[in-house]
Amino acid sequence: MHKPELKQYEKPKHINDYPCGPAALAGTLVAKNAGWRTKRPIIHKEKCAGCYLCYLYCPEGTIFKEDKKINFDYDFCKGCGICSKVCAHKAIEMIKEGENGN
Ligand code: SF4
Ligand code: SF4
C-alpha cells in the first residue's frame with residue numbers, strides 16, 4: 001500500500017504536460033489533510049497481534065508497520081475509526097482529539 005505523502009506541485013512547462021483527465025496525478029497531496037479529525041486512533045502495542053487487518057482496511061493508507069506491530073500517520077488519518085472496529089484484539093482505541101496531550 002502506498003502511504004500518502006506530500007509532493008511538490010510542479011507547474012507544467014508545456015501544454016502537453018497538462019493532464020487530459022481530472023486535475024493532477026493521483027496521489028498528489030500539496031498539504032496535510034487531517035485538520036477536521038475529532039477523534040484519533042491510538043495503539044496499545046501490548047495487545048497488538050501483528051495481524052495487519054487494520055492496515056488492510058484503513059481507507060487512507062495511513063497505517064504503517066512498525067516493530068512487527070503498527071502505527072499511524074496522523075498527518076493524514078481522518079479518524080474514521082475503521083481500524084478500531086476491525087481489530088479483534090481491541091488494540092486500537094479511539095480517543096478525542098486533544099486528549100493525552102495530542
Ligand atoms: S488489527 Fe489489531 S492486532 Fe491486527 S495489526 Fe491492527 S492493531 Fe494489531
Ligand atoms: S481512523 Fe480511519 S483513517 Fe485513521 S488510521 Fe484508522 S482506519 Fe485509517
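From the N terminus on, the elements of the protein chain follow the order β-α-β-β-α-β. That order comes to two helices and four strands. The model is a predicted one.

The chain has 102 residues, and buried residues make up 31% of them. Contacts can also be sorted by how far apart the partners lie in the sequence. Among contacts in the protein chain with a separation of 6 or more, 64% are between residues 24 or more positions apart.

Part of the surface is a nonpolar patch. Which residues form this patch? They are Leu 53, Leu 56, Tyr 57 and Ile 82, and together they have about 370 Å² of accessible area. Helix 1, which covers residues 53-57, gives the most to the patch, with three residues. Ile 82 has its place in helix 2, residues 82-86.

Leu 56 lies in helix 1 and counts as exposed, because its relative accessibility is 60%, where exposed means over 50%. Ile 82 has a relative accessible area of 33%, so it is partly exposed. Leu 56 also gives a distance between parts of the chain: its C-alpha atom is separated by 8.9 Å from that of Cys 83, although the two residues are 27 residues apart along the chain.

Cysteines raise the matter of disulfides. A disulfide is a covalent bond between the sulfur atoms of two cysteines. With a cut-off of 2.5 Å between the sulfur atoms, the count comes to zero disulfides. Are Cys 54 and Cys 87 buried or exposed? Cys 54 counts as buried because its relative accessibility is 8%, and Cys 87 is buried with a relative accessible area of 13%. The limit for buried is under 20%.

The last stop is the loop between strand 2 (63-66) and strand 3 (69-72), where Asp 67 is found. Lys 68 has its place in this loop between strand 2 and strand 3 as well. Most residues other than glycine have a negative phi. Asp 67 is not a glycine, yet its phi is positive, at about 50°. Lys 68, which is not a glycine either, has a positive phi of about 65°. Asp 67 has 65% relative accessibility and therefore counts as exposed. Lys 68 is exposed too, with a relative accessible area of 70%.

How values were computed: Residues numbered from 1 in each chain as written. Chains lettered and ligands numbered in written order. Predicted model: local features only at pLDDT ≥ 70, side-chain atom pairs only at ≥ 80, totals over all residues. Heavy atoms only, no water. Buried < 20%, exposed > 50% of the residue type's maximum accessible area, 1.4 Å probe, protein only. Contact = heavy atoms within 4.5 Å. Patch = residues over 30% accessible without salt bridge, like charges linked within 9 Å, V, L, I, M, F, W, Y side chains within 5 Å. Areas by Shrake-Rupley, 256 points an atom, 1.4 Å probe, with all protein chains shown as cover. Salt bridge = Lys/Arg side-chain N within 4 Å of Asp/Glu carboxyl O.
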